[in-house]
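Okay, everyone, thanks for coming. Let me put the structure up on the screen, and then we'll walk through some of its side chains together.

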Amino acid sequence: MNNAIYNFPLPQNEPILVYLQGSPERLLLDKELERQSQTVVEIPLIIGGREVRTGNLGEIRMPHDHSKVIAKYHKAGKAQVEMAISAALEARKTWSDMTWTIRASILLKAAHLISSRYRPVINAATMLGQSKNIYQSEIDAVCEAIDFLKYNVGFAGRIYEMQPKSAYNQLNRMEYRALEGFVLAVSPFNFTSIASNLNMAPVMMGNTTIWKPASTAVLSNYYLMKVFMEAGLPAGVINFIPGQGSVIGNTCLDSKDLAGIHFTGSNGTFNGLWTRISTNLSRYKSYPRLVGETGGKDFIFVHPSANIQDVCINAIRGAFEYQGQKCSAASRMYVPGSLWGEMKQCLCELAEDIKMGDVKDAGNFMNAVIDEKAFDTIKSYIDYARNSPEAEIIAGGQCDKSAGYFIRPTIVETTNPRFKLMEEEIFGPVLCVYVYEDSKLEETLDLCDTTSPYGLTGAVFSTDRIAAAHMCEKLRYAAGNFYINDKPTGAIVGLQPFGGSRASGTNDKAGGEYNLIRWVNPRTIKETFVSPDDYRYPYMM
Ligand code: NAD
């Protein structure tokens with residue numbers, strides 16, 4: 001046993017490579033994009049370190065060119081989910097007892113593999129499978145994934161360091177045990193880094209997981225799983241089982257050994273999991289830890305003192321990068337009448353200037369939305385606005401799914417501050433604007449706070465610092481990540497811990513101690529040195 005007390009300092013964030021034409025990283029990436037475009041990968045389940053094939057296959061198609069299949073994956077049935085639970089429980093015995101520095105070294109090695117050899121592989125899979133452009137993929141699948149891995153090692157050290165005081169004649173200590181059972185990690189399609197973190201955060205703290213990846217992100221997630229194994233992750237610590245959500249979810253949720261859920265995805269799915277857990281409560285060994293980051297209806301609130309160009313550029317990036325498929329994407333905007341004329345023109349010109357298409361063409365700022373279901377849902381919101389007397393489409397509105405699932409960046413102006421597109425999460429490239437009278441700033445701030453059930457991200461723009469402070473105060477619970485003079489997207493691990501409350505989730509702030517602390521089950525140990533000589537207290541004698 002090595003008794004060293006090791007200290008992992010918090011890291012520097014992974015530098016974002018720029019991928020200029022002809023740069024070494026661009027050449028490597030282009031080659032890998034070509035290779036992956038020509039290949040159909042067969043993806044097995046990975047249970048207890050072994051590949052398992054069920055023959056029940058799903059397909060991964062490029063969203064921007066849906067005639068192209070790039071992977072086929074085996075789907076888990078109930079029997080495989082039960083195998084995975086057994087494998088996770090078996091692996092837990094050794095993993096949870098292991099010196100934490102060894103667990104840390106595996107996370108750090110995974111980070112270095114992603115930073116080097118696997119960088120083009122993970123990027124190409126995310127670009128082709130989830131339709132992200134180079135920059136969007138680099139900041140997510142590579143940089144954020146690495147930051148989560150490295151920071152969580154540092155944060156784990158801080159948690160283990162937290163020890164109670166000892167008093168006269170006693171020694172106290174805190175043991176940070178892993179949860180008793182397995183953790184179900186359910187990941188969304190939109191961030192490869194989140195998929196990594198939903199597993200690796202609990203794993204860092206000694207837990208083992210069942211990983212249910214989103215069906216449209218199985219390819220990049222499979223490469224992540226390969227990285228983890230190459231980094232030395234023992235068999236069964238993460239069990240990778242793509243398949244139908246309800247089959248995997250229900251089987252895991254009905255197990256007495258469910259110790260926690262680490263979820264990112266929609267509000268509806270998380271509510272369904274929570275409801276089933278609550279009806280199952282009496283069967284669990286422990287109360288399962290429920291950590292879920294869900295949807296958003298993120299706002300930009302413009303003060304009459306704001307700089308118009310700053311607002312427009314940030315609104316375009318905040319609303320339309322990755323086709324608006326970020327939980328943090330700006331999707332409703334409040335603009336004072338005094339600025340609207342000029343701002344409308346500027347926003348519409350920028351939106352119409354955006355190029356959209358294949359991820360391999362670096363000139364494209366936007367690509368396709370993830371699949372046909374998402375396309376149809378987003379289009380239904382655009383059609384709703386088109387047919388409403390309370391709204392006007394002032395930019396975009398065109399939708400075409402003939403070759404890929406393309407939706408032009410769309411800006412809707414509404415006269416109703418509680419219009420459906422101001423309230424509901426659309427999860428696509430649609431920004432709805434409500435123009436308020438300058439004299440009604442206070443009422444409009446109240447509207448912004450109460451219009452949607454979510455509380456994830458929000459931004460205010462103002463050159464008047466006192467007004468910005470007032471808006472920040474007034475919108476205190478409207479967003480868990482609040483921005484002043486910046487877009488509401490793009491949180492960076494270690495710099496802006498991420499998460500929101502209300503209907504946006506449990507706000508356990510991914511990428512920080514706050515999150516990691518949910519994955520431990522602390523035991524307080526008190527040792528007394530010398531026992532009393534008498535059961536009676538001195539005052540009694
Ligand atoms: P989704 O809810 O459709 O799916 C999320 C995951 O849940 C997928 O893996 C899906 O297969 C799985 N799932 C579905 N039903 C299940 C069940 N019964 N049991 C177990 N698993 C089940 O979400 P999505 O479309 O992948 O992602 C988009 C959503 O995620 C948006 O609402 C977005 O706001 C949210 N999101 C939130 C954050 C955040 O940090 N708050 C980050 C990214 C995405």
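So, start with the aromatic cluster: Tyr6, Phe8, Trp100, Tyr160 and Tyr176 group together as one. Keep in mind that this is a predicted model.

How many aromatic pairs are there? The count comes to 18. Let's look at Tyr151 and Phe155: their ring centres are 5.8 Å apart and their planes sit at 25°, so we call this pair stacked, since the angle is under 30 degrees. These two residues belong to helix 5 (residues 134-161), and they are 4 residues apart there, so about one helical turn separates them. Tyr151 and Phe155 are both buried.

Now take Tyr222 and Phe240. Here the ring centres are 6.2 Å apart with the planes at 35°, so this pair is tilted. Tyr222 comes from helix 7 (residues 218-230) and Phe240 from strand 9 (residues 238-240), so the pair ties together parts 18 residues apart in sequence. Tyr222 and Phe240 are buried as well.

Lys132 puts its charged end over the ring of Tyr322, 4.4 Å from the centre. Over on Tyr384, Lys420 lies over the face, 5.0 Å from the ring centre.

On to the ligand. Which residues are closest to it? Of the 26 residues that surround the ligand, the closest are Ser187, Lys212, Ser266, Thr269 and Glu425. A side-chain N or O atom of Ser266 is 2.6 Å from a ligand oxygen, and for Thr269 that distance is 2.7 Å. Glu425 has a polar side-chain atom 2.6 Å from an oxygen of the ligand. Taken alone, the ligand exposes 850 Å², and the protein buries 83% of that.

Last topic: salt bridges. The whole structure has 30 of them. One joins Asp30 and Arg26, with the closest N and O atoms 3.7 Å apart. Both sit in helix 1 (residues 24-37), 4 residues apart, so that's about one helical turn again. Asp30 is partly exposed at 32% relative accessibility, while Arg26 is buried at 8%.

Then there's Arg158 with Glu513, at 2.9 Å from N to O. Arg158 is in helix 5 and Glu513 in helix 16 (residues 513-516), so this bridge ties together parts 355 residues apart in sequence. Arg158 is partly exposed, at 37%, and Glu513 is too, at 22%.

How values were computed. Residues numbered from 1 in each chain as written. Predicted model: local features only at pLDDT ≥ 70, side-chain atom pairs only at ≥ 80, totals over all residues. Heavy atoms only, no water. Phe/Tyr/Trp six-rings, centres within 6.5 Å; stacked < 30°, edge-to-face > 60°. Buried < 20%, exposed > 50% of the residue type's maximum accessible area, 1.4 Å probe, protein only. Lys NZ or Arg CZ within 6 Å of the ring centre and 35° of its normal. Near = heavy atom within 4 Å. Polar contact = N/O pair within 3.5 Å; in protein donor to acceptor, adjacent residues only side chain to side chain. Areas by Shrake-Rupley, 256 points an atom, 1.4 Å probe, with all protein chains shown as cover. Salt bridge = Lys/Arg side-chain N within 4 Å of Asp/Glu carboxyl O.
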